[in-house]
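Open the model in your viewer and keep the selection tool at hand.

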Amino acid sequence: MLYAGFDCSTQSLSVVVIDVAGSKRDVVFRDELTFDTDLPEFGARHGVTFTEAGGVVHSSPLLWSAALDAMLCRLSRNIDCRRLKAISGSAQQHGSVYCGASPDVLTRRTSPIWMDSSTAQQCAEIESALGGADALAQLTGSRAFPRFTGPQIRKFATSEPDAYARTARIHLVSSYLASVLTDHHAPIDHADGSGMNLMDLRTRAWADRALDATAPGVREKLPPLVPSSTAIGALAPAWQARFTRPAVKIVAWSGDNPCSLVGTGLVIEGQLGISLGTSDTIFGPMRRPRVSEDGTGHVFASPTGEYMGITVFRNGALARERVRDQFGLDWKGFSAALAATEPGNRGALMLPWFEPEITPPVPHPFVTLRGLDDSDPARHVRALIEAQMMALAQHSRWMGVRPDTIYATGGAAANREILQVMADVFDAEVYQFESTDAAALGAALRAWQADTNLPWTEVVGDFCRPVASGVRPVPANVTTYRSLQRRYSALERAARVGDTLDSFR
Ligand code: XUL
């Protein structure tokens with residue numbers, strides 16, 4: 001029996017196929033398509049097809065569906081499709097797709113994605129209608145964030161009322177791609193639905209007050225909400241005919257972070273994962289929803305039926321690439337730079353906000369350097385990684401988890417030098433996952449769990465094993481980072497309130 005999980009992330013679409021026949025538990029196929037290079041006709045740059053002043057960042061739904069089509073072709077060439085029992089998927093969160101009566105008709109050519117930061121005004125209007133940021137966070141699990149779907153829908157409804165009126169269905173990227181597979185409008189799962197500022201986190205139904213504050217008639221345009229383990233239909237007849245496939249079951253698609261949670265085996269409260277991808281995220285399971293007091297984090301429904309806490313940073317992989325390219329390094333050179341510099345970087349600091357930042361909220365990008373000059377690229381590299389790790393640590397305290405083990409995934413988790421900084425900053429042992437595609441694996445595991453109803457601990461048990469040896473914290477470095485962390489936090493605070501930064505020079 002095979003189960004397939006797709007992941008449509010910001011920059012690529014990947015697939016993982018697992019074989020669970022008998023006592024066998026194996027990944028039997030994995031593949032990845034990169035949007036910029038494998039589908040050049042869409043003209044995407046880092047997966048983005050359209051930007052505009054004011055923080056507008058869009059991509060193309062047709063690019064995503066073309067990538068899914070191409071990956072289905074590859075899949076049918078590489079696995080025995082008759083053994084495929086169910087398919088599920090994962091997608092970048094928050095992005096919205098605007099459709100007509102059927103999913104193949106678009107009423108808006110492009111989709112705002114999670115990198116879009118153009119809706120500050122709509123966030124303020126929604127929060128004020130709901131009685132403030134905290135009230136909205138208590139209801140939906142998050143304050144209003146510019147990338148969240150509700151504020152984005154509000155902006156579209158007010159700026160393009162005619163196109164909004166023609167829109168019959170508003171999908172997330174996840175439910176849109178599920179709709180492409182079933183050829184009818186698919187529901188939104190509770191986990192991805194939590195990233196919209198529109199769902200009541202406790203009842204897991206659309207929250208009337210949030211809908212009213214968002215846009216007229218939005219309820220009729222939203223798909224129904226379903227548990228993440230819902231079988232939502234079968235692979236559409238057209239796909240079956242094209243690839244001589246059976247009517248494979250389609251399980252609701254979900255967001256990449258909820259899928260990564262189960263794909264890294266995190267199903268019990270107290271565990272913590274870090275994903276170093278286009279966005280850097282830190283997340284962990286929660287039995288009950290504890291909303292972030294400082295407003296930076298989110299509580300989402302988890303695919304297991306419980307909850308998850310998460311904090312998201314926009315300046316992840318793209319910031320690492322910026323510093324790498326600025327000094328003409330490759331990834332080997334980047335690692336060598338970390339290895340050649342000492343923890344604590346002799347007190348040097350960086351605020352790496354190359355792009356508008358989500359955590360902490362920084363609407364206009366700027367980079368601050370302290371104790372660094374261009375003659376020493378290696379110390380820039382270290383300052384960036386230390387800043388990223390200290391920000392991850394500082395802005396995840398609200399979750400109330402003090403882990404002794406962290407599970408790292410995403411492209412940069414393959415870099416042991418980065419993991420050493422993580423281990424030292426968090427004072428925790430860090431385990432890297434063999435695969436860097438936890439979201440696609442998580443989607444495949446969700447397909448299997450939904451089909452069999454096996455306990456989650458059993459489902460993740462054989463698949464979510466980290467690579468053999470963990471990276472241990474070095475006590476002297478832990479001490480160094482305790483004091484650097486205080487200075488970093490003070491610099492971050494000062495930079496955001498526009499205080500004089502002279503004391504950090
Ligand atoms: C989560 C978020 C990002 C996207 C990118 O809130 O904005 O992690 O899901 O994949």
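How far is an oxygen atom of the ligand from an N or O atom in the side chain of N257? Select both: the distance is 3.0 Å, a polar contact (a pair of N or O atoms within 3.5 Å). The protein covers 98% of the 290 Å² of accessible area that the ligand has on its own (Shrake-Rupley, 1.4 Å probe).

A note before moving on: this is a predicted model, where local features need pLDDT of at least 70, side-chain atom pairs count only at pLDDT 80 or more, and totals for chains, interfaces and linings use all residues. Residues are numbered from 1 along each chain as its sequence is written, and side-chain values use heavy atoms, with hydrogens and water left out.

Next, select D256. One of its polar side-chain atoms lies 2.3 Å from a ligand oxygen. Then pick Q93, where a backbone N or O atom lies 3.0 Å from an oxygen atom of the ligand.

Zoom out to the cartoon. The chain has 19 helices and 22 strands (DSSP runs: H or I of at least four residues, E of at least two). Its radius of gyration is 22 Å, close to the 23 Å that the globule rule gives for 505 residues, so the chain is as compact as a globular protein of that length. That radius is taken over C-alpha atoms, and the rule is 2.2 Å times the number of residues to the power 0.38.

Two backbone stops remain. Select T359 and P360: a cis peptide bond joins them, with omega about -10°. P360 lies in the loop between β19 (349-353) and β20 (366-370). Last, go to H46, in the loop between α1 (35-38) and β4 (50-52). Phi of H46 is near 50°, a positive value in a residue other than glycine.

Definitions and conventions
Polar contact = N/O pair within 3.5 Å; in protein donor to acceptor, adjacent residues only side chain to side chain.
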